[in-house]
Amino acid sequence: MRMKAAVLYEVNQPLVIEEIELDPPKSGEMLIKLVATGVCHSDVHYYTGDVPREFPIILGHEGAGIVEQVGEGVTSVQPGDHVVLTFLPSCGRCRWCHTGHPNMCDLGAKLRTGKYLDDTYRHHRASDGKDINSFLFVSTYAEYTISPEASVLKVPDYLPLERLCLLGCGFTTGFGAATNAAHIKPGETVTIVGCGGLGLAAVQGAALSGAGKIIAVDVHEAKLSMAKQFGATHTIVNRHNWKEVVEEIHEITWGVGTDYSFEFVGSDQTDETVKICYEGLRKGGTLFMVGVGRVSKKTLPIGPTNFSLWRKKLQGVLFGDAQFRVDIPRYIDLYQQGQIKLDEMVTQEFRLEEINTCFQNLLDGSKMARQVIRYD
Ligand SMILES: [Zn+2]
Ligand SMILES: [Zn+2]
């Protein structure tokens, strides 16, 4: 079938909206008509080349839509079902899926190639048939997509897909970092560095867990005022002086530092943001690395002596350490009860044709929490 999609041909060049020929679903796959996709900052890492990929590629990994057609052997959904796409697949059979870590599923090894699980492409340029790389088996900057059943979760059909799409990456990643990875207990203290979509979801997770102090740090004051709305108890403007920020964290915590800190910025900022997270921790505290850094960068600014003598801990977090077939339905219940806020996370809606504006907004580091593209 023919559809429109946004194709990235080169780093830092505008995405091109063009006609794509999409193959029918093969065994274990389905065709999904996308209703909405969040514009997650992780896509920008591929756009800028922080994380290299094969081009051309159709990015987008925070989608939700309606199943149109299922391939042979698909049992968990049928045409007409509403679904959220998860940017990581889970097979349900490997060691990691069986030990409560579907975010580390062995299918993840196939995500780097741009091909599907059978090592072939589904997307082809309509004008000349050239193969186009897919992204994480979801490629949501398009009117339709093909996804394996491992990447799809059925959701209630009476809730807005233009909000539930955030559960496919950003919200689940940020909220889960606070609730699954850190297991914040009532009264514990946290520093959250970077208050975009992920950081604001972490603020919500910390608030719902009963954190005593939630210190939000960002370079943009507008983002900090959003963090306050979502439950931050203190905010600090990072004026690119990490010592000043750390002093403020210590002042707020009576000289102790916070129990946990979360790094949500990544990119080429990690020398500064990790320093803030690490130095702002209490003795024995844990730093959770969530932001996607530049692949070419190989070091973190953490001194080995201080690391052992202060008994600090460092932990990577992927997709909020979510068991997403269990956690996303939990989050949907909390959304319905008004305990987590998805509507307020969406600051602006766009059409696919405006995708380059969305990317520019993210690069400018503007006041957006989440931009959502709608296809309906
Ligand atoms: Zn994402
Ligand atoms: Zn698995």
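Predicted model: local features only at pLDDT ≥ 70, side-chain atom pairs only at ≥ 80, totals over all residues.
**Aromatic pairs, a zinc site and a buried isoleucine**

Good morning. Phe171 and Tyr331 are both buried.

Let me place them in context. Across the whole structure, a search finds 13 aromatic pairs. One of them joins Tyr141 and Phe359, edge-to-face, with 6.0 Å from centre to centre and 70 degrees between the planes. Where do Tyr141 and Phe359 lie in the chain? Tyr141 belongs to the loop between strand E7 (131–132) and strand E8 (144–148), whereas Phe359 is in helix H11 (residues 355–364). The two are 218 residues apart, and the pair thus links distant parts of the chain. Tyr141 and Phe359 are both buried.

I return now to Phe171 and Tyr331. Their ring centres are 6.0 Å apart and their planes stand at 75 degrees, so this pair is edge-to-face. Phe171 is in helix H4 (residues 170–181) and Tyr331 is in helix H10 (residues 324–336), so the pair ties together parts separated by 160 residues in sequence.

There is also a cluster: Tyr260, Phe262, Phe264 and Phe288 are linked by ring pairs.

The charged end of Lys275 sits over the ring of Trp242, 5.0 Å from its centre. Lys312, in turn, lies over the face of Tyr278, with 4.5 Å to the ring centre.

Ile276 is part of helix H8 (residues 270–279). Is Ile276 buried or exposed? Its relative accessible area is 0%, so Ile276 is buried, the cut-off being under 20%.

Finally, the metal. Which residues coordinate the zinc ion (ligand 1)? They are Cys40 through SG, His61 through NE2 and Cys169 through SG, at 2.0 to 2.2 Å. The spacing of these donor residues in sequence is C-x20-H-x107-C. Cys40 lies in the loop between strand E3 (29–38) and helix H1 (41–48), and Cys169 in the loop between helix H3 (161–164) and H4, so the pair ties together parts 129 residues apart in sequence. Cys40 counts as buried at 1% relative accessibility, and Cys169 is buried with a relative accessible area of 4%.

Thank you for your attention.

How values were computed
Residues numbered from 1 in each chain as written. Chains lettered and ligands numbered in written order. Heavy atoms only, no water. Phe/Tyr/Trp six-rings, centres within 6.5 Å; stacked < 30°, edge-to-face > 60°. Helix = DSSP H or I, 4+ residues; strand = E, 2+ residues; numbered from the N terminus. Buried < 20%, exposed > 50% of the residue type's maximum accessible area, 1.4 Å probe, protein only. Lys NZ or Arg CZ within 6 Å of the ring centre and 35° of its normal. Donors = N, O, S within 2.8 Å, 3.2 Å for Na, K, Ca; no water.
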